[in-house]
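Here is a short briefing for a first look at this structure. Keep the model open while you read.

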Amino acid sequence: VAKMSAPTMEERKACWGARDEFWQCLDRHADDVSKCEKLRLSFESQCPQQWVKYFDKRRDFLKYKKKLETEGYHPPEAAGKS
């Protein structure tokens with residue numbers, strides 16, 4: 001039976017800690033998920049699935065935002081050409 005109650009403070013801290021360890025591993029290994037598989041499994045087991053999806057999207061967004069800040073916006077070459 002899947003419980004839908006909100007995670008306790010301890011569960012949230014465990015989830016965030018697992019997420020942070022996984023993200024740090026990705027940072028160290030240039031986003032090579034295969035080198036961080038154990039941490040990914042820990043992250044997925046410590047966090048509700050909806051949170052995992054949210055954090056995955058959030059990491060992509062934060063990386064995109066950082067790239068924009070460092071490199072600026074470059075529109076795709078093919079945009080508007082037909």
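Cys-36 is buried, because its relative accessible area of 1% falls under the 20% cut-off. This model is predicted. Cys-36 is bonded to Cys-25, in one of two disulfides found in a search of the whole structure.

**The Cys-25 to Cys-36 link**

- The two sulfur atoms, of Cys-25 and Cys-36, lie 2.0 Å apart.
- The torsion about this S-S bond is about -90°, so the disulfide is left-handed.
- Cys-25 sits in helix α1 and Cys-36 in the loop between α1 and α2, so the link ties together parts eleven residues apart in sequence.
- Cys-25 is buried too, with a relative accessible area of 3%.

**The Cys-15 to Cys-47 link**

- Cys-15 and Cys-47 form a disulfide, with an S to S distance of 2.0 Å.
- This pair connects distant parts of the chain, 32 residues apart: Cys-15 belongs to helix α1, and Cys-47 to the loop between α2 and α3.
- The link of Cys-15 and Cys-47 is right-handed, with 110° about the S-S bond.
- Both Cys-15 and Cys-47 are buried.

**The disulfide pattern**

- Counting bonded cysteines along the chain, the pattern is 1-4, 2-3.
- A disulfide is a covalent bond between the sulfur atoms of two cysteines.

**Helix α3**

- Helix α3 covers residues 49–71.
- Its 23 residues, at 1.5 Å a residue, should span 33 Å. The end C-alpha atoms of α3 are 33 Å apart, which agrees with that expectation.
- The buried residues of α3 are Val-52, Phe-55 and Arg-59.
- An α-helix has 3.6 residues a turn, so residues three or four places apart point the same way.
- The cover over the buried residues of α3 includes α1 (9–28) and α2 (37–46).

**After α3**

- Tyr-73 is found in the segment after α3.
- Is Tyr-73 buried or exposed? Tyr-73 is exposed, because its relative accessible area of 55% is over the 50% cut-off.

**A nonpolar surface patch**

- Which residues make the nonpolar surface patch? Phe-61, Leu-62, Tyr-64, Leu-68 and Tyr-73 make it.
- The patch has an area of about 490 Å².

Note on methods
Residues numbered from 1 in each chain as written. Predicted model: local features only at pLDDT ≥ 70, side-chain atom pairs only at ≥ 80, totals over all residues. Heavy atoms only, no water. Patch = residues over 30% accessible without salt bridge, like charges linked within 9 Å, V, L, I, M, F, W, Y side chains within 5 Å. Areas by Shrake-Rupley, 256 points an atom, 1.4 Å probe, with all protein chains shown as cover. Salt bridge = Lys/Arg side-chain N within 4 Å of Asp/Glu carboxyl O. Helix = DSSP H or I, 4+ residues; strand = E, 2+ residues; numbered from the N terminus. Buried < 20%, exposed > 50% of the residue type's maximum accessible area, 1.4 Å probe, protein only. Expected span 1.5 Å × (residues − 1). Contact = heavy atoms within 4.5 Å. Disulfide = S-S within 2.5 Å.
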